[in-house]
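Me: I would like to learn how to read a few features of a structure, beginning with the contacts between chains. Could you take me through them one at a time?

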Amino acid sequence: MTETNKFIDVRHLKQYFPIKGGVFQSTVGYVKAVDDISFTINKGEVMGLVGESGCGKSTTGRTMLKLINPTEGEMLYEGVDIFKLSNAELKKYRTKMQIVFQDPYSSLNPRLPIYDIIGEAMLEHGIVSNREEMMQKVFELMDKCGLFPEQAGRYPHQFSGGQRQRICIARALALNPEFIVCDEAVSALDVSIQSQIINLLKDLQESMGLTYLFISHDLSVVKFISDSVAVMYLGEIVEMGTKEQIFNHYLHPYTEALLSAAPSFDPRKRQNSKRIILQGDLPSPSNPPTGCRFHTRCPLANEKCKKESPKPIEVEPGHMVKCHCIGVLSE
Amino acid sequence: MSEMMEKKPLLEVKNLKTYFHSAGGLVKAVDDVSFDVYEGETLGIVGESGCGKSITCMSLARLVECPPGKYEGGEILFDGQDMLKISDAELRKIRGNKISYIFQEPMTSLNPVFKIGKQIEEVLRVHRNMSKEEAKKEAIHALDLVRIPNPERIVNEYPFALSGGMRQRVMIAMALACSPKLLVADEPTTALDVTIQAQVLDLMNDLKKEIDTSILFITHDLSVIAEMADRVMVMYAGKVVELADVNTIFEKPLHPYTIGLISSRPDMSTTSDRLNVIPGNVPDLSDLPTGCAFNPRCPYASDKCREGISELVEVEPNHFVRCYYPGGEKHDGN
Amino acid sequence: MTTMSGNGMTLESSKKYSYWGGVWDRLRKNKLAMVSLVVLFIIILCCIFVPIFSKYTLSEVTMADRDQAPSAVHWLGTDNIGRDLFTRLFYGGRVSLGVAVAVTALECIIGVILGSLAGFFGGKVDTAIMRISEIFMCFPFLMICITLQAVFGNSIRTLIIILSVLSWPSIARIVRGQILSLREMDYMEACRALGISNKRQIFKHLFPNVLAYIIVYITLSMASVILTETSLSFLGLGVNPPTPTWGNLIQEARNLYILQHKWWYWVPPGLMIFLSILCFNILGDGLRDAIDPKMQK
Amino acid sequence: MKNYIIRRLLQIIPVFLGILFILFFIIDKAPGSITSNIMDPTMTPELKAALQEKLDPSLPFYVKFFNWLSEAMKGNFGYSFKHYRPVIDVIGDNIGCTFALSLVALIIAMLIGIPCGIISATKQYSLVDNGLTVLSLVGLALPTFFFGLLLLKVLAVDMKLFPIFGLMNPLNAKADFWTKLGDQAYHLVLPAIVLGFAEIASFMRYTRSSMLEVIRSDYIRTARAKGLSEKIVIYRHAFRNAMIPIVTLIGFRLPGLISGAVMTETIFSLPGVGKLSVEAVSTRNYPLLLGINAMLTLATLFGTLVADILYAAVDPRIKYH
Amino acid sequence: MVDPSPANIQNFTYGILEDEYYAHGSFEELSSKNNAPMGAGKLVLEGWEPKQYVSLVANNDYWDAANKLKIEGVLFTNIEEDALLLAALQNGDIDFCQPQAKAENVEQVEAMPGAHLVSYLANGYTFMCFNTTRPTLEQKEVRQALLYALDRPSFLTAEYGSDQLVSLGMAPISKTSWAYPGDDALNRYDYDLEKAAQMLEDAGWTDTDGDGIRDKNGVPLELNWLVYHEATWPGTLSGMAYDSWGKIGVKLNIQQMDFNTVAATTMDAAPGEKDFDIYTMGFSLSIDPDPTGGLFDADAYSAGGYNASGFRDEKSQELMKAGLTEFDQDKRAEIYKEWAVLQNELVPTAIVAYRSEIWAVSDRVHGLDDIGVYTDFTQLLQNVTLD
């Protein structure tokens, strides 16, 4: 990855949420939702962010767009750190970065007709000068996202889950952004609708050269859509690399457990009963385990893992892993 | 698989019809559904939202809220009784005792203001009229059965203190406390993370053997069905469209909807650039198209499909399909 | 919805499907609410037109025909100095309802502004406004009434100011609560991501959603202000004579003799108060059910 | 939990002092004085002025505020000229009746309001539900004094079922404790019904809406699936959860227990704090007025705190945080 | 008690306090004695409950054996709502009570089996005070015109139901007093709108700007009338005035407030700050007709003084002084009669009515029937018997 096309570069991002306590509501501790993660996304590529609930993947997505104020770290967008920008300058970058949410029912304002929801931002940013032009663009966007433009006057509650997600995507495209964070964008949809939206996302990516950060807990969807993948556990990235490296020759025991736990209808996989089932529950992010955070559930955990948090190692170009016993896994 | 057929079915559902009279008009949520469940078997019901799978399993113990729901017709024979006809008192003797349920949302399925122990003891005291102490001991045993660490402490905990996975285990413990004959699991692991889901599915399989209960497993996730079910029933718009054992369904599906469903689901083994897609939207039950409800989205639909719908035909031994052109065989295609 | 230009696209009219269209449909199904709406409409119409068309003026004293029971001449009889009770009843209605509307409006303006500030900005602003509202809630209502009326003169204007200044905290809390919960919704986060200005977020997105709850509060507040005005008149702090209000007209009922023998003094105002409060409450209830669909049948 | 209580207590103090300070400011502006009421022709202006200076020296209001506060710290809440007795005793005489009356009214309201709320929630949109809702709204629509006077007229004056006035029958002033208590209770029946009737409405509607929310939740479906009888599902599982907001409603009603109800007390000639505060205001009896308002403000502030504590006591999720 | 004056008799209406018992250091100490009276009279305090009852029993070792009580004692109960007094009497809860002097109460008592009525003209009057320092009301003719334009007889029948309970007020001396000049010497100011309008016209108040309200060198004839809500009659009277004065071009604003505020705005306020045009109140007189310090005494025009109208007339001040130095009752009567006629003519404060007081007494009580204006029921207790 040469310096130039390092489109999105996140460095040592931290997001700690204070826990209030005591008589004067002073801060008695922190929920380390995102604890020092760094990664880069190339222009026009899709990076998958995978992990179980509470691992901080959604917080990462929202903090990158500065929807929540980050505790520490930088987010370079084509070399410009957007955390340092003033509100006015940040507003300019808002047109470049957008987000699509999971729940189609709470991501659309029930009181506004569709053309308002999609077109509103264009007026705000002056991309269109009057309502006529806005409507014109709204029709184009709706058509591009597989919606019937003549329904632009309808209200959100008159659309199905899948159509609503298409409206969210249209809204995100309104300011013709370059980078979109998809936060569990297809998880709430039925299977048949899910595949339609996934294909739509891929078509848009290819036709508009978009870059995605695709956040999901569903491994097969991530495998299908992303170019590179990062696996998160309790606020940290435990393994990161290309799709090939992560899905076929993973190194971190958690990645292995995740892949084997995912049910699949491929008969070969179903028969072999050697499945790794992690014991115990996900620890609470407010007091993560010491040393390597996975040691409480890791079958390979040893004394070193308990005390010392492993450093990220670049095993092969682009393939990073944070684990003390990398060699052990391969026998 | 075949020797199952001779055994007498544990549960026989015949032409079950459960309709909803809502403001938007008549909704035929479950429209003439028939199937059997055999002892020791796990029957999977799969389908997208609104296909009636949940309403079907809730109708088994008359748990659908009426009004607005109403059992229009059909029979549910269980243990020699028709669940739709028996009195409320008898029905209550069966619920939680012979048929028990576990639901999708572990976060809200337990009463937040009662202790875990109390909620389990309640089932035991109602169905096994145990004393307080006996019930408490048995509850701890039940928690141990579902592999919850130090059950003595958990018994006195409140639900909010437990994680999603733990709560689902408590639900299972509660459901299996009276060793029911049939466990109805309505999307039990949908709200759980992958690793926790694996634990719970593994647990359910072990308990099935230990307590010799049969499971009715409802979910929209094809891969979970592939893991768990012995036989699979696919539902669409309130009707059963295909029923066969699990390998047949995944290797040789016949109904166009099942075919579309399996091919559109990305899996570890998919390599194609675009997913196969079933066009159109999930059907709205209050205004279904005439004939076969799937015809607007079906690549093989013909005029015949638009007028009527075929019966559930046993195209091969133990493989039932509700389609005029099973497997999408060639036809004059008008 | 007019026809939009662009490639000759005619948009279906969205009036039928709009949110308020839905609310009206649900409200129409609630027969009780409809009946009370009609009753209120009739009362308001009477209050507006009767004083204009009645041949008697509000305070015309005719000692000759005083203390008359309802008759063809005086439809609702006369009081102890011969004033026509039919005119006074509806003129009083005009004053009572007017006071209720004014108080509710003023109270909502103060409450909504402070409530949305507290809800939207949170933190210090929120605690400060909540502390102030707590202070206002603990005030001895009566002492304030007498003092302010004595200091600023006992006029309808002072009465309206006092009532609204003392009761804005309740609507402020409702609005604050709503905005706090709405702010967490994804579509508000989407607005922030789209770089939509704070002003637009408040008025285009938050306010319409809160409006529904404000309307429910308005109907219930109308009922409570009418009741408050009646109790204030009981303590003699109501509107100055000779202007009649339902509150001070019904004070006649405090005399057992009048209660028994001169029913026409207190029955009509009593009925008016009872009906208007009942209808406003039923309407408020019906609206509350209508605005959030999950509560419906 | 303990920290929460301490924090709330620390918050109460500034608010309490703030309210009293503003109250002193308002009293300072109020027209009329303690001696304006005296209409005795022989009282010369000089005498009246001397009395006025004695009772209510004309100092700036903040000075009066600090004097009053320092005295109050020592437990001396001033002297009520009109009753020739310290303020504490005067309030003491009236608070008993008000507390008893409001408590009985609250209990009546709860005993009738809550079950009706549950019934109309379980049978939503049925005839029963609509009937009870309208009945409760009637309760809210009747002005208290109007309803009280009607009840008094019909039941006490005409049918002589209940006493017409007062808290006790003076004839058995020297009777033993129990007959006295019985007599007082007998006198409080009508006023409690009048006061309770409007409260019934708010309890009923509050219970109904919180029950409606609870009945649709998942754990109720689980309870039914466990084979429990409908009665247990509704009264044990559903109501136990629906009770949580109702308990806070009780917390907010606590100040009402001692603030009294002016209208009911006036109609039934009961020695209540409500009437006492009206009297204190109209006779500009400032020491008494300040005593009553200090008490009421503290009661209101503590009422909200008690509401929160009750909330935590009933809802385990909050107790441990 | 400094200089000899016939009016000093009124100082004897209070009881005589024993020096030792009532010696006191602080003010509170004296006041607290009120809760523990000495009990030297015919009745002794036996027990009391605040706002409930006061029980007094007969004092057996009363010094005047002949006037010892024949009954055990008297029990006073507190009934807040006036409307309930007669109901309690009918119910037998009480033996006698003093309801408002209204026709409806009289009717009810007369219709009540087992109870009878005692009534007499009270020693006091209700008045309507004009603020004579105001340009609108300084002229005598304007005040007289306003009186002519007020139909007081109809007001009396409207408010009190019948005129035998109340009589038209004309002079600031009680009708039952020996110093009353007699009706024929006084002007009744009978209701006469034309005369009132003409008088205002002659006094220079004409409607120059045609807005229906009379004005004079720029000042509109607009009056503020303070009423209090504790009694119903001010509301009724001001309601009638609003209508009838309106017909002769006088604009009336009625301000309702509580009694204390009216007293404070009119009497307590310092001269020049008395912010009212008209206010109405009742005033009780003492047994001696001497008006010094009262409503009509010009020297009482001060902060806290009773003369709120600010009216000063040398002749009436002289007559008042003369009345205090003359010890022969007949001569004093003449002085006060002349003084009364003068006030009736100057009308700084118009006397609205002399009200009666009525007592409803149960038939089982004997000996209370001759309660009168100067004889309080406590003076009759010794000859009360019950059956």
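Reply: A salt bridge is counted when a side-chain nitrogen of Lys or Arg lies within 4 Å of a carboxyl oxygen of Asp or Glu. By that rule, the count between chain D and chain A is zero salt bridges. This is a predicted model, in which local features need pLDDT of at least 70 and side-chain atom pairs count only at pLDDT 80 or more, while totals for chains, interfaces and linings use all residues. Residues are numbered from 1 along each chain as its sequence is written, chains are lettered from A and ligands numbered from 1 in the order in which they are written, and side-chain values use heavy atoms, with hydrogens and water left out.

Me: What area is buried between chain D and chain A, and which residues of chain D supply 90% of its share?
Reply: Buried area is the accessible area (1.4 Å probe) that two parts lose on being put together, summed over both. Between chain D and chain A that comes to about 360 Å², with carbon and sulfur atoms giving 66%. On the side of chain D, N3(D), R7(D) and L10(D) supply 90% of the area buried against chain A, more than any other three residues.

Me: How many salt bridges does the rule find between domain 1 and domain 2 of chain E?
Reply: Domain bounds come from an automatic or database domain assignment, which here divides chain E into domain 1 (16–118 + 361–386) and domain 2 (124–356). The rule finds one salt bridge across their interface; the side chains of K102(E) and E159(E) meet in a salt bridge at 3.6 Å, N to O. The area buried between domain 1 and domain 2 of chain E is about 680 Å², 62% of it from carbon and sulfur atoms.

Me: In what order do the four strands of the open sheet in chain A stand?
Reply: Strands (E, at least two residues) and helices (H or I, at least four) are DSSP runs numbered from the N terminus, and two strands pair if DSSP finds at least two bridges between them. In chain A the order is β2-β1-β4-β5, with antiparallel pairing. β2 (26–41) and β5 (80–81) of chain A stand at the edges, each with a single partner strand, so one side of each is left without a neighbour in the sheet. Twelve bridges join β1 (residues 8–21) of chain A to β2(A), and I19(A) stands opposite G29(A) in β2(A).
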